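I opened the model today and kept notes as I went. Here is what I looked up, entry by entry.

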Amino acid sequence: MEIFQSLVKNLLVLIGVLLLLIISLLIGSVYFDEIWQPHSKEDIVEWDPKTVVLNNPTASSEVKKGFLILDSTSHFIGPLSRNFKYAGNNLSCTSCHLNGGTLSGAASWIGIFKRFPQFSGRENKSGTLVERINGCMERSMNGIALPKESDQMRYILAYMKWLDYGLPKLNSKNFKGYPKIELPSVAVNLKKGKSIYLKECVVCHGENGQGMMYQNENKGYQYPPLWGSDSYNDGAGMNRVLTAAAFIKNNMPYLQATWKTPKLTDEEAFHVAGYINSFPRPQKINKENDYPDKKLKPMSTPYGPWKDNFSPKQHKYGPYLPIYNFYKEKYGIKKTK
Ligand code: HEC
Ligand code: HEC
């Protein structure tokens, strides 16, 4: 009898332990999903502009037009447009602001209305969202400012506002800018950059960084160019090695890397960023007027003048730790890019 009782007791304890284990596994998987779900690889695949925007009955026609302009920029406001040529290259805004500007870690536009007006070091004054958009028009798109009063600007703003207020589901994915990389202690090594490029990038972006246009659509690039005459100009943020490295680390190779599951290390992203920015690209005029307060200039801005005596080459390729330390000690500024 005693044996039987202790057997039952042991059995009950065992069942209890098993139940606890199952419960904690269940709770764990819910939390795990919550942590990973907003930024998993599936998100990239799941982004479907047709269901999210174009066939979404809650999006107004202005919102839809705004999306189309941002996603087929060349067709609507660039070289492929018949008479409304403001963008100077065939990129789309969404070539860099991925998934219609909704992807965390790819300079997402979610929350953008709440972030402006915003201080701009490049202009040394507080700037509006329209001015910021035109910053990308004149640099990333190598074009000219889109008039503030144009329908096209109105549609773009309508779409961005809708991302903020009309799509609450996506709001959880808010991540401004790019997650920064750790400053490498070395300078860019172009040989290493080239071998990473040939291994991880060349299939899509091409041997000469020329990318590939859509074959049957009047839409611009399927795989955008990374250098040459149809790329971003030398005044663009992507022309800074540290900014490009942060974008690449968290987003490239496309459909393989996200900011939660990057493929390259910080240093690999840094070398390949230096490599793509080592080639010629369109020149922005009047760049010397950028950053009226020169000590606010990002240290990897490759064009002068600077408020220090480091060489142009060191600004373009690093090593950045000495420059970082200089601004930290002299001005109390901790530079991240
Ligand atoms: C070649 C890449 C590239 C292209 C193309 C591009 N941008 Fe950008 N954009 C950037 C970078 C880099 C930043 C700065 C990100 C950072 O470091 O926070 C930025 C920032 C912005 C911001 C401010 C984001 C914020 O959270 O403060 C807006 C708005 C913006 N871009 C709009 C546009 C629009 C509209 C277009 C098309 C007309 C466009 N961009 C095309 C690279 C690009
Ligand atoms: C599988 C194809 C693919 C691979 C591989 C790939 N990319 Fe991209 N890349 C893209 C696409 C597509 C975009 C534009 C995203 C969009 O339109 O949604 C892009 C955008 C970019 C941009 C911003 C737009 C521009 O033209 O400047 C940069 C920079 C970039 N890629 C660099 C790289 C680097 C560096 C590598 C290798 C580490 C790489 N990519 C690997 C497909 C790829």
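**Entry 1: confidence**

Two residues are in contact if their C-beta atoms, placed from the backbone, lie within 7 Å. The protein chain averages a pLDDT of 90, and 90% of the residues score at least 70.

This is a predicted model, where local features need pLDDT of at least 70, side-chain atom pairs count only at pLDDT 80 or more, and totals for chains, interfaces and linings use all residues. Residues are numbered from 1 along each chain as its sequence is written, while chains are lettered from A and ligands numbered from 1 in the order in which they are written.

**Entry 2: ligand 1**

Which residues come nearest to ligand 1? I found C93, C96, C136, S140 and G177, out of 26 residues around ligand 1. A residue counts as near a molecule if its C-beta atom, placed from the backbone, lies within 6 Å of it.

By class, this shell has 16 nonpolar, 7 polar and 3 charged residues. Ala, Val, Leu, Ile, Met, Phe, Trp, Tyr, Cys and Pro count as nonpolar, Asp, Glu, Lys and Arg as charged, and the others, Gly among them, as polar.

Helices α7 (112–115) and α8 (129–138) each supply at least two residues. The largest share, 4 residues, comes from α8. Helices are DSSP runs of H or I, at least four residues long, numbered from the N terminus.

Why does ligand 1 lie between two domains? Domain 1 (44–173) and domain 2 (190–331) both give residues to its shell, so it lies between them. The domain bounds come from an automatic or database domain assignment.

**Entry 3: M137**

I then picked one residue of helix α8, M137. Is M137 buried or exposed? It has 22 C-beta neighbours inside 10 Å, so it counts as buried. The cut-offs: buried means 20 or more other C-beta atoms within 10 Å of the residue's own, exposed means 12 or fewer, partly exposed is in between, and C-beta atoms are placed from the backbone.

Leaving aside neighbours within four places in sequence, M137 is in contact with Y86, A87, G143, I144, A145 and L146. M137 and N89 are 48 residues apart in sequence but 9.7 Å apart in space, C-alpha to C-alpha.

**Entry 4: ligand 2**

I counted 25 residues around ligand 2, the closest being C201, C204, P224, P253 and Y254. The elements that give two or more residues are α11 (202–205), α12 (241–251) and α13 (266–276). This shell divides into 21 nonpolar, 3 polar and 1 charged. It draws at least three residues from each of domain 1 and domain 2.

I looked at α12 next: 11 of its 11 residues are buried. What covers them includes α6 (98–101), α13 and α14 (312–317).

The largest nonpolar core has 32 residues, and V241, A244 and A245 are among those with the most contacts inside it. A nonpolar core is a set of buried Ala, Val, Leu, Ile, Met, Phe, Trp, Tyr and Cys residues joined through C-beta atoms within 7 Å. α12 gives the most to this core, with 7 residues. Domain 1 and domain 2 both give residues to this core, so it lies between them.

Beyond four places in sequence, A245 is in contact with I181, A269, F270 and A273. Apart from this core lies another, of 26 residues, including I69, W109, I110 and W162.

Definitions and conventions
pLDDT is the predictor's confidence in each residue, from 0 to 100.
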